[in-house]
Amino acid sequence: MTPESPGVSGPETSHSDLLAVLPRITQLSAAFSKGRLVERAAEAAGLTLDRPAIGVLLCLRTADGALRIGEIAERMQVVGPHITRQVQALEKRGLVQRVADPHDRRASLVEPTEAGREAADRYVTSLFGWFTDALADWAPRDRDDLARLLTRLADDVTARLARLEDED
């Protein structure tokens, strides 16, 4: 496929704008990984959790209520057994707890404990501090545009990938 070939928006769409963006996405991903952003934020928050455990804890903290293992896996786009192991480890540390599912007695839901909510909040505060510093010189409108466009990109890419998986 060439930059001028037909694409998502139609035959007259040039892909040069996408070719400029994709390397930036890769650059950000590499910078976050190489810079150990997750690990640094966890250390600053006083947490000794690995990246997957932090992901589960944040997923639960930002949910509207307790979630099933499958719901956590779906939100994090991983398979259930990975989540089960992380939940078990977080339970042992007192950061999450299982509760009865009011709609299905056979199932249980997972929710953060008070200690888990506090840990997640400390972690998020650390991340917010880092991003606030990184974007300190940005105009408020630019920060708003970034949030709006990143949300749209994440939602659209996630939805498209889900459709592809459904086709398989």
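Visitor: In strand 2, which residue is the bridge partner of Val99?

Guide: This is a predicted model. Strand 1 covers residues 96-101 and strand 2 covers residues 104-112. The two strands pair in the antiparallel sense. In strand 2, the bridge partner of Val99 is Leu109.

Visitor: And which residue in strand 2 is the bridge partner of Ala100?

Guide: Strand 1 and strand 2 pair in the antiparallel sense, over six bridges. For Ala100, the bridge partner in strand 2 is Ser108.

Visitor: How many residues lie between strand 1 and strand 2 in the hairpin?

Guide: Strand 1 is residues 96-101, and strand 2 is residues 104-112. They form a hairpin, and the number of residues between them is two.

Visitor: In what order do the elements of the protein chain run from the N terminus on?

Guide: The protein chain has seven helices and two strands. Strand 1 and strand 2 form a hairpin. From the N terminus on, the elements run α-α-α-α-α-β-β-α-α.

Visitor: Is the protein chain more spread out or less spread out than a compact globule?

Guide: The globule rule gives 15 Å for 168 residues. The radius of gyration is 19 Å, well over that value. Along the principal axes, the C-alpha trace spans about 55 × 45 × 30 Å. The radius of gyration is well over the rule, so the chain is more spread out than a compact globule.

Visitor: Are helix 4 and helix 5 roughly parallel or roughly perpendicular to each other?

Guide: Helix 4 is residues 69-76 and helix 5 is residues 80-92. Their axes lie 9 Å apart, at an angle of about 110 degrees. Angles of 65 to 115 degrees count as roughly perpendicular. Helix 4 and helix 5 are therefore roughly perpendicular.

Visitor: How many nonpolar residues are in the contact of helix 4 with helix 5?

Guide: Helix 4 passes helix 5 in a right-handed crossing. Helix 4 brings Ile69, Ile72, Ala73 and Met76; helix 5 brings Gly80, Ile83, Thr84 and Val87. By class, two are polar, none is charged, and the nonpolar ones number six.

Visitor: How many charged residues are in the contact of helix 3 with helix 6?

Guide: The axes of helix 3 (residues 51-62) and helix 6 (residues 114-134) come within 10 Å and cross at roughly 105 degrees. That makes the two helices roughly perpendicular. From helix 3 come Ile54, Leu57, Leu58 and Arg61, while the helix 6 side includes Arg117, Asp121 and Tyr123. The contact has seven nonpolar residues and one polar, and its charged residues number three.

Definitions and conventions
Residues are numbered from 1 along each chain as its sequence is written. This is a predicted model: local features need pLDDT of at least 70, side-chain atom pairs count only at pLDDT 80 or more; totals for chains, interfaces and linings use all residues. Side-chain values use heavy atoms; hydrogens and water are left out. Axes are lines fitted to C-alpha atoms, for helices over the stretch in contact, and angles run from 0 to 180 degrees between N-to-C directions. Helices (H or I, at least four residues) and strands (E, at least two) are DSSP runs, numbered from the N terminus. Angles under 35 degrees count as roughly parallel, over 145 as roughly antiparallel, 65 to 115 as roughly perpendicular and the rest as oblique. A crossing is left-handed if the near helix is turned anticlockwise from the far one by less than a right angle, and right-handed if clockwise. Contact means heavy atoms within 4.5 Å. Ala, Val, Leu, Ile, Met, Phe, Trp, Tyr, Cys and Pro count as nonpolar, Asp, Glu, Lys and Arg as charged, and the others, Gly among them, as polar. Two strands pair if DSSP finds at least two bridges between them. The radius of gyration is taken over C-alpha atoms; the globule rule is 2.2 Å times the number of residues to the power 0.38.
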